[in-house]
Structure formats: structure tokens, C-alpha cells
Amino acid sequence: MGFPLPFPSRITLVGAGPGDPELLTLKGLRAIKGADVILYDALVSEELLQYAPVGIPRIFVGKRCGAHAMGQEAINDLLVSSARQYGHAVRLKGGDPFVFGRGGEEWMAAAAAGIPLVVVPGVSSALAVPALAGIPLTHRGVSRGFWVLTATTKGHALPEDMERAAASGATVVILMGTRKIAQIGELFARHRAKGTPMALLQSGSLPASETTIGTVNDTLPLEQAASSGSQGILVIGEVVEVLGATAGAMEGLEAR
């Protein structure tokens, strides 16, 4: 029989943001500093782990396309058991825990185990990466709203909502779609003007960030850029080029 923990078991789901460690929130930083154990993902900057208390367990449970350290059910079980064993378990997740992060499943696992859980929202890559690339998801007179979708589903087909998003005329942000760029372009070309811009944003918040722009009818530049294997986000809509002239002017000023 083990000794009782000095504090009750609890879990904090922390959104670590889109990769740049400086985009972590202050509340997220406070949670990391107060952790007794940390479970972190592949897309989380390991620089954030330096803020954890010295000597606590740091457990990698990362998942990337085609390569999972462990399945989601196993992560749920490990999260619960870690909270019971160590006390305060911090689940450090890329982006925001509830935006295609399966944070809801981890919340449900904690609730089923009777362990209190708190969510610290994170800066979602769906919002941050386009902004960093100079792409406003909404812009007066161009786009009044946007969709955020994933191209990866359990059945490996594009989600049904993507057809409705293409027909809507709104800006569309697509995560986990770099392997389906041509297919996505074909779908949008059936609903939108021939020259509708389409951008691939890779390593969006990091120094190695790259922006590649094509159209829904010409996705070859994006496909070639995606072949590097770097993670990316797709943005489709007129907003992709709305700040292009302004960005060019700003670069000219910086070069003086």
C-alpha cells in the first residue's frame, strides 16, 4: 500500500499554442511550473519543459500522421494513472486542447475516474498561423466568417462539411490536409471562381515558416511544397491575397 499524496489528484489540460514557445499563455506557464508530472505531445516545443519543476517525470505521448507513440485510449489511461500516482498531472497539448486536440475525450476520462480537471485554452494554429502569415481570416468587404475543418477523418475521406464550406464563400482553414491538397482543390474548384487563392502555411509560428500560394485550379506549387513533409495548414479564400500589396510595401520599407 502506497503513501497518500500530499495533494489530491488533479489534471490540467494546457494548450501550448502553435509551436512558438512565446505564444504560451501565462496561465499555461503557471500550470507547468506547478506540475508533478507532464504528458506532452509531438507538436509541443520542448523549450516549455524547462519551466517544469526539476526532477518531475516528463512523458512523451506524441502523435504525428502515421506515427503514434500510443493510442488515445492508452493516453487517457496514462493521464488518469499519472494523476493518481503523482498528484498534479499537466497534459501539454499543441494548439488548443479542444480544437482537433481530442481534449474532450481526456476530460471525459478524468470525469469517469472522478479526478478534477481544468482546461487552459491555447492559441490555436488555425487562427494564429494565418495571422502570422499576414492572412486575415475575416476582412471587411471580402469575408464575414470562416470555417475550420480537418481533412483527416476516421474513414480517410474528406468530411461532408467541406463541400458545404466550399459552397459557402467564406474563408476556409483546413488542418491535417497536406496529403489531400489536389483532392481539396478539385472540390473547391467545383464551387468557387477559377482563380480563388489557396495557401499552404508550413511551420507557421517558427523561424523556418514558409508560405506557398496557388489557386484551387492550380495546386501544384502547394503539392510540391508539401512533399518536404513539413506540417502545414491550408487557407482558401480571397483573404489569402488581400494584404499582399500591403506586405510588399512593408518589405520595401524594411529594406531601406
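Reply: Two strands count as paired if DSSP finds at least two bridges between them. In this predicted model, β8 and β9 are joined by 5 bridges and run parallel. Within this pair, Trp147 has Val172 of β9 standing opposite.

Both strands belong to an open sheet of 5 strands, ordered β8-β9-β12-β10-β11, in which the pairing is mixed. The edges are formed by β8 (146-150) and β11 (210-215); each has a single partner strand, so one side of each is left without a neighbour in the sheet. On average, and with direction ignored, neighbouring strands of this sheet are turned by 20° against each other. Helix α4, residues 125-132, lies across β8, β9, β10 (197-202) and β12 (232-236), and its course makes an angle of about 75° with β12.

The lysine in question is Lys180, located in the loop that connects β9 (171-175) with α6 (181-189). Lys180 is buried yet forms no salt bridge. A salt bridge would require a side-chain nitrogen of Lys or Arg within 4 Å of a carboxyl oxygen of Asp or Glu, whereas Glu186, the nearest side chain of opposite charge, is 13 Å away from Lys180. A polar atom of the Lys180 side chain does, however, lie 3.0 Å from the backbone oxygen of His156. Leaving aside residues up to four places away in sequence, Lys180 touches Ala151, Thr152, His156, Ala157 and Leu158.

Terms used: Residues are numbered from 1 along each chain as its sequence is written. This is a predicted model: local features need pLDDT of at least 70, side-chain atom pairs count only at pLDDT 80 or more; totals for chains, interfaces and linings use all residues. Side-chain values use heavy atoms; hydrogens and water are left out. Helices (H or I, at least four residues) and strands (E, at least two) are DSSP runs, numbered from the N terminus. Buried means under 20% relative accessible area, exposed over 50%, partly exposed in between (1.4 Å probe, protein chains only). Lys and Arg count as positive and Asp and Glu as negative; His and the chain ends are not counted. A polar contact is a pair of N or O atoms within 3.5 Å; within protein, one must be able to donate a hydrogen and the other to accept it, and residues adjacent in sequence count only if both atoms are side-chain atoms. Contact means heavy atoms within 4.5 Å. Axes are lines fitted to C-alpha atoms, for helices over the stretch in contact, and angles run from 0 to 180 degrees between N-to-C directions.
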